[in-house]
Amino acid sequence: MPRLALLLTTLIWGATFPATKAALEQIAPLSFLLLRFFIGTLLILLWFVVSRHRLHHDRAVLAAGALSTLFLFLGYVLQTVGLAHTTASNSAFLTALYVIFVPLILLRIDRRVVLATVIAVVGLWLLVKPNASMNQGDLMTLGCAVAFAGHIICLERFTRQVDAPSLLLWQMVAMTLLFLPAPWWEDAPASAFSPTPVLLTGLVVTGVLATLAFAVQMWAQQLVPAQQVALLFASEPAYAAWLSWYFLGETLDVQGWIGSALILLAVIIGAFGG
C-alpha cells in the first residue's frame, strides 16, 4: 500500500512540471516557489487546527526539520538556477540521478537494486535525451540530485524518530521563510502575482496537490526503504512527459515511449519485486 501511494504521489509530482512551466510564463521561478510553499504551509496549518494534532517543537523535531529543509532548499535552488544554464532535458535527467545516489550513500546495493537502477538510468536517457557535454548548469543540477537524495534519506530516518506531521509543517514554514526575499531578489512586478487562471491552476497543482503528495511521502517513508523510494520517484519524468504530451501538446517520440516504459519496468523490479 505505501509503495502504491508513493507511485500515485509521483504522478502529482509529474503534473507539477507542465503546471509550473505554464505558470512561469507569468511569474519568476523563485517567487512562484514562495507562493507554492506559502499555500502549502497554510494547508498544513489548517489540518493541524481541524485535526487538533499537537504541534511538536522540541529540539529533536526542530533539528530534523532544519537538516531536511537544508537539503530540500538546496535541491530547489540548484535545480532552478542550473536550469538557466542548461537544457530542460539535461535538467530532468540529472535531477533524476538521485536514483543512483540514494543506494550509494546508504550502501544498500544488491543485484536487484543494481539491475533496476541501470534500467531506470537507460530509460531516463532515452526519455529526456540529454546532451553528453557538461557545463556549469549541469554540475549545479547534479548537486541538486545529491541534495534531493539527502532529503529522501533524511525523511527515512527522521519520520521514524519524530512526529511526522510536525516535521512536515516545520519544513514548509522554513521553505516559505527562505523564499520570502524572492520577489525583491527577482524584482518581480505586481502584475506577476495577478490571479490569472494559469497561475491559479499552477498553484493548485503545486501548492495544494503537491503538498498533499509530500504529506503522503512522509507517511510512506516510515515504511518504505529510501532506495525503493528513489526508484519510485524515478517515474516522475515519465509522468511529466506523458502529461506534457497530453495537456501541452509536446511531442513524445517512440524513443521517449520506450524510455518511459523502461523506467516503469525498473520501478516494478526495484520497488515491487522481491
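Q: Why does tyrosine 76 count as buried in this predicted model?
A: Tyrosine 76 has 13% relative accessibility, and buried means under 20% relative accessible area, exposed over 50% and partly exposed in between (1.4 Å probe, protein chains only); tyrosine 76 therefore counts as buried. Residues are numbered from 1 along each chain as its sequence is written. The model is predicted, so local features need pLDDT of at least 70 and side-chain atom pairs count only at pLDDT 80 or more, while totals for chains, interfaces and linings use all residues; side-chain values use heavy atoms, without hydrogens and water.

Q: What makes the pair of phenylalanine 37 and tyrosine 76 edge-to-face?
A: Rings of Phe, Tyr and Trp (its six-membered ring) pair if their centres lie within 6.5 Å; planes under 30 degrees apart are stacked, over 60 edge-to-face and the rest tilted. Here the centres are 5.5 Å apart and the planes stand at 85°, so the pair is edge-to-face.

Q: Why does phenylalanine 37 count as buried?
A: Its relative accessibility is 3%, so phenylalanine 37 counts as buried. Phe37 and Tyr76 form one aromatic cluster with Phe73, Phe148 and Phe179.

Q: Why are H5 and H7 called oblique to each other?
A: Helix H5 (residues 98–106) and helix H7 (residues 136–158) pack at about 55°, their axes being lines fitted to C-alpha atoms over the stretch in contact, with angles from 0 to 180 degrees between N-to-C directions. Angles under 35 degrees are roughly parallel, over 145 roughly antiparallel, 65 to 115 roughly perpendicular and the rest oblique; H5 and H7 are therefore oblique. Helices (H or I, at least four residues) are DSSP runs, numbered from the N terminus.

Key. Helix = DSSP H or I, 4+ residues; strand = E, 2+ residues; numbered from the N terminus.
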